[in-house]
Amino acid sequence: MKNNRSVIVFSVVLAIACLFQLSFTWKAQSFETKAQQFAEKQQKKGLNYGKAYRGYIDSLGSREVIYDLGIASYNYFECKQREINLGLDLRGGMNVILEVDKGAIIKGMANDPADADLLKAVEQANTDEKNKGGDYVDNFMSAFAKIAPNRKIANLFAKSNNPNGIQTSSNEADVRRVLSAETGTAIDRVYDVVEKRINQANVTQPTIQKIDGGRISVELPGVDNPRRLEDLVEKSANLEFYEVYGNTRKGAEANKMLEMLFKAGKQSALAATADSGQAKLDSAKTQKDSAVAANQSKDDGPLAKLLRRLKGYTYFVGMGSTVASVRGADRDALIEELKKPQYAAVMDGVMKVAFSAKPIDLNELGASLKRDDKKTESSAKKILEEYNDQHFVYLLKLDRDGKAALASEEENIISDARSQTNQTGEVEVSMEMTPQAASRWAQITGANIDKHIAIVLDDRVYSAPVVNQKISGGQSQISGNFDIKEADDLANVLKAGKLPAPARIVASDVVGPSLGEESISRGTSSLLVGFVAILLFMVMYYNRAGVYSIIAVFANMFLIFGILASLGASLTLPGMAGIVLTIGMAVDANVLIYERIKEELRQKISLAQAVKNGYKYALSAIIDSNLTTLLAGIALLMAGSGPAYGFAVIFVIGVFTSMYTSLLVTRWMLENRVNRKKDLKFSFPYSENVLNNTNFDFVKYRRRAYVLSLPIILFGIGAFIYKGGLTTGIDFKGGNAFIIQFDKSKDVSVGKIKETLDKAFPGSSNEAKTFGKEGQFRVITTHRLNENSKEARNKTTEEVISALKNYGVTAESIKGTSKVGSSVAASTRNKSTVLLIVAIFLMFAYILLRFRSAAYGLGATIALIHDVVFILACYSIMDGWVPFPVEFDQHLIAALLTVIGYSMNDTVIVFDRIREFLSGNSRVEKDDHKLINMAINQTLSRTLITSATVFFVCIILFLFGGDALKGFSLALVLGIIVGTYSSIFIATPVVVDFGLKKNKSIKKA
C-alpha cells in the first residue's frame, strides 16, 4: 500500500481528535461521581439524596473548572454539553413532537377569519391531515375547491395593503405559494422561540429539530418533571393585561355582571321548560324533569350547576377581583355554556370570562379559616372540601375593539423577565416592558387606580392585583403561588416571546430512569457478547489474520463513539443495536479480503503478492456492498426522528468507519507484518478449504428454489387475511402507550388487562403485551386519541391508573409513557412506506448503473421484494403466538431497510465475480449458465461467512437486547437467513431467465 506514512499520520490525528471529544464524557462523569459521593454523605445525615446531588451540581457546576487544558478550561456544564449524548431510552427523559396549527395561520391570513367556507375547509384539511397526511396547504386548497367551487380562493386573502402578497388577480398557484411560504415562516419562528425557551431553561443536551409536516421534535434527556417541560414548550405566551369587573369600594361591578349572566341563563331555562309540551307532564319522568327545572329557577338556572358563588370570600387573599369559582373539570363545559346565544347581550364586545392558572390554594384558605375564631374545625373542613379543585373565575373587560387593554400581538411587549422573592417571601416574576408597551402601561394603570388589573397568559389569569398608583417605567410583577422553578420557567417563556402560531403536543414519549438503566444494562450486554462472539470466530477461523481484524473492530468502535460525541448525536438503544450490527459489518469487509487472499494463496503465489491481490480484487465488492448498505442507511436517515433515526445514525457512521479500518488500518497492519518477513496465517488446517471447490448446479435447480419459500409466504398471507392484517405499532396507528409495573402478587395477564381496559374505555382499541421483567406490561389504548391538550393527556393517564387499580397500579407504577396523535401516525406510516419503496428502487438503479444490465437489476429487485414479503409473512404467522411484540412499526421498517442492505451485500458479491469473469472474456454472455454457477460457487464461502458473522450478532441482539428490540432483531435474524438464500437461489438465477427471454426475443426479431 502506497503512502503508508499518510495513513499513519491521518489515523493518529483522527485518534487524537476522538480522544479529545471523548475526554469531556470522562470528565463530566468524574464530577458526577463526586456529586454522588457528596449526596450519599448528606443522606446519612438525614437529608434528601436527590436534593443534595442536585444542589452540588447546581452550586459548583458552573463555577468550578473541572477540565483545564491550558489553552482552554471547562466547567461541568460545558463538559456535559460535549459528552456523548445518551438518548431517552438509555437515560430517561422525554421527547415531544409539537405540531404548529397551520389552520390558525391560514385563518389569521384571511380577510374574514370567521368565513363559513374557510372554516369548513380548515376543518376538512385538519381531518385529512389526521387520516391521510400530506401537505396541509394542498389539503386546504383541495377542500376549499370542493366546498366552494364557485368562489375564487384568492378573494379570501386579498388585501389592499399587501402588495407583495395575494391579490384578487392571483391564481391558485400564487395562493398556494404564498400560503406555503407564510406557514413555513411561522413554523421557523415557532422553532426559534421554542429553542430559545429550552436554552434559557438550562436543560442539559436538548435536541431540537424540525421534522416533516411542520412539526418540531424536542428531546430533553434526564428531565425529572415532564409536565413542567410540556408547559415550557407548549405555552403560546400570549401575554395580556385586562381591566377587571371587580368589587371595590367604588362599586360591585362583578356582582352585577354575574347576576346578569345568571338571569340570562335562568330565563332561557324557564323558556325551554315552558316549550317542552303539556302532554309530557303526565308521566313520572316528566314530573322529575319539571322538579329539576323548578330547582333551576330557584338556583339561578344552568350556570349554577357550573359556577359557585364565593361564600365568605373575605377568607381569600386578594379578593375583590372575582366572586365565583369553577371546578377544574367543568371549565370546558362553562366555556361551551357561555357560547349560547342567551348570554350574548351580556357579554358580546364588553366581557370575557377567564380562570385562574392554578386551583384555589387550600393551604392559604385553611390558614385564613384558622384565624377566624367563629369557624369550628368541622365547618372549616367542609369549606376546604367545597373548594377543592376550584379555580377562580374572572370577568374581564374588553376595550371598544373587543380586545385586552394591553397585549403582545405581533411583537413581544416584554424586554426582560426574571424570578425574584418579594418582601413577604413570595416568589414572583418581575417584568420589564418595552418602551412602547411601558408608555401604554402607564396610561392603563393611571386610569385604573384602586381597581383591579388582570395579568393573563394564554387565557389563564395569574394575578389580578389592585392598582395603587400609576406605574411608570414599565415595571410589573406576576405572582401566583409559584415555586422557584415555575417562576424561572415563566420568566424564560416571557423573555423568549409568544409563539407566532399555536403549537400543540401531538406525540410524546416519557421514559423513566429505571427503564433507562435497564436498557443500558441490556444494550451493554448485547454489545459485549456480540463482540466476544465475533472475536472468537475471527481468531478461530482466520488464525493470526483474525487478530488484526479484531484490532480493526476496536478501532472501529472507538471512531464511532468519537464521531458521535463530536456530532452531538444521541446514542439510543436502537443505536446500540446499530453498534452491535456494525461489529458484524466491520468484519464483513475483512472476510471478503481474507477469503480472496486465501484464494490467491492457493495459486501458489507469494504472501506479499497474495495480500496485494486480495485487496485489489476484493475492493470493488467491498465498495459495492458498502454503498448499497449506505443507500439503505440514507433511506433510514430520511425518517428524521424516532427509533429508526437513532439506528440509522450509527449505521451510516459505521459504513464509513468500517471501510476505513478494513481498507486502510487492517491493510497497513498486514503489509507491515509481511514486509518485516514475519509469518502470517489466514486459516487453520480445519478452515483452509471450507466450501472450497464446490460445484453445485444452482442454475439447474433455480425454479425449484423459486417456490421453496412459497408455502410460508402463502401461509402468511392467509394469517394476514384471517387476523385482519398485521398488528400495527403505536407510531403507525396512534394512541397512548404506558409501560406499567404491576403488583407481582396480583393475578394479572395480558387477557385480563385487555378485558379491563375494554370495559373502562368502550369503543377504543386496547392492547396489552408483556414487556421486560416479570410483572411489567406495555398497555396501549386509543382512548382520547384525538385530544391533544395537556388536560386530556393527564386525564388519560389518571383514567388508565383508575381502570387498573385493582391490579395494584398507582402513579408510581408508570415507568414510561408514549402518545402519538393520529396526524403524526398517518405521516409516519406514509413516509415509512415510501422509504421502503424508495430503498428498493435505489438498489435497482444502483445495480442497473453499476452492472449495465436490466436483468441484473431486476434479479436483485425481485430478491429484495421476496425478502420483505417473507419477513412480513413470518410476522403475520407469529403475531399473537410469541411472548413479545411483533408489530408493524418503525422498528420493523428499520429492520427491513437493514435487511435490504445486507441482502444486497451478498448479491453484489456474486455479481461482482461475474463482472470480473466478463472483463476478460467478451464472448461470454452475462446469463451464461456455467459462468453464473462458477461465480456462485467461487463466492459461496464468503457469502455464507459474511452472513454468518452478522447472523451471530443478530441472534445475540435477539437474546440479550431486551423486549424493546425483540421484534427488530427477530426481523434481522429472519432477514439474514432469507437474504442469503435469495442471493444464491433467486437474485442471480433470475438473471438467467430474464436474460434468456431477452435473447429469444432478439432471435425471433
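Predicted model: local features only at pLDDT ≥ 70, side-chain atom pairs only at ≥ 80, totals over all residues.
Local features need pLDDT of at least 70, side-chain atom pairs count only at pLDDT 80 or more, and totals for chains, interfaces and linings use all residues. Residues are numbered from 1 along each chain as its sequence is written, and side-chain values use heavy atoms, leaving out hydrogens and water.

**View A. Helix α20 packs against helix α21.** Here α20 (residues 573–601) meets α21 (residues 607–637) at an angle of about 145 degrees, with the axes 8 Å apart. Helices are DSSP runs (H or I, at least four residues), and strands are too (E, at least two), numbered from the N terminus; axes are lines fitted to C-alpha atoms over the stretch in contact, and angles run from 0 to 180 degrees between N-to-C directions. Contact (heavy atoms within 4.5 Å) involves, among others, Met585, Ile593 and Leu601 of α20 and Leu607, Tyr615 and Thr629 of α21.

**View B. Strand β13 pairs with β11 and with β12.** Eight of the eight residues of β13 (residues 390–397) are buried, meaning under 20% relative accessible area, where exposed is over 50% and partly exposed lies in between (1.4 Å probe, protein chains only). Pairing takes at least two DSSP bridges: β11 (residues 324–327) has four to β13, running antiparallel, and Val326 stands opposite His391. Five bridges join β12 (residues 351–356) to β13, also antiparallel, with Val353 opposite Leu395.

**View C. Gln167 sits in the loop between α8 and α9.** Gln167 counts as partly exposed because its relative accessibility is 25%. Leu156 is eleven residues from Gln167 in sequence and 9.6 Å away in space, C-alpha to C-alpha.
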